[in-house]
Amino acid sequence: MGWMKQIYVMCQDGTFDQEFTQKYKEALVNEKNSMYFDGMLITMDQAAGIAMLAKDVNKAFPNKET
């Protein structure tokens, strides 16, 4: 599954915060240059892009449970 679709699915099933957001915030606090997402090492610039994409997904396709 491609990353964009995976991020959409994770946002819809409520696992995005657990799988990405918490790790992203932790990496920012610890001033890391990279982090792991879905088993791949990504830069913090890439992580910021993923966070922005997830924010847009949540705006465009609100979770049905909320």
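Trainee: What makes strand β1 and strand β2 count as paired, and how many bridges join them?

Mentor: Good place to start, and remember that this is a predicted model. Four bridges join β1 (residues 34-37) to β2 (residues 40-43), and the strands run antiparallel. Pairing needs at least two bridges, so four bridges are enough. Across the pair, M35 stands opposite I42 in β2.

Trainee: Where does a positive phi turn up in the hairpin of β1 and β2?

Mentor: Look at D38, with a positive phi near 55°; the hairpin has two residues between its strands.

Trainee: How do you know that the span of α2 agrees with its 14 residues?

Mentor: Set the two values side by side. At 1.5 Å a residue, α2 should span 20 Å, and its end C-alpha atoms are 19 Å apart, which agrees.

Trainee: Which residues of α2 are buried, and what puts them on the same side of the helix?

Mentor: The buried ones are F16, F20, T21, Y24 and A27. They cover an arc of only 130° around the axis, so they lie on the same side of α2. Here is a handy rule: an α-helix has 3.6 residues a turn, so residues three or four places apart point the same way. On the face turned away from the buried side, α2 carries the exposed residues Q18, Q22, K25, E26 and V29. The cover over the buried residues of α2 includes α1, β1, β2 and α3.

Trainee: Why is the pair of W3 and F37 called edge-to-face?

Mentor: The structure holds five aromatic pairs. In the pair of W3 and F37, the centres are 5.5 Å apart and the planes make an angle of 80°. Centres must lie within 6.5 Å to pair, and planes over 60 degrees apart count as edge-to-face, so both values qualify. Because W3 lies in helix α1 and F37 in strand β1, the pair ties together parts that are 34 residues apart in sequence. W3 and F37 also belong to one aromatic cluster with F16, F20 and Y24.

Technical notes: Residues numbered from 1 in each chain as written. Predicted model: local features only at pLDDT ≥ 70, side-chain atom pairs only at ≥ 80, totals over all residues. Heavy atoms only, no water. Expected span 1.5 Å × (residues − 1). Buried < 20%, exposed > 50% of the residue type's maximum accessible area, 1.4 Å probe, protein only. Arc of directions from axis to C-beta. Contact = heavy atoms within 4.5 Å. Phe/Tyr/Trp six-rings, centres within 6.5 Å; stacked < 30°, edge-to-face > 60°.
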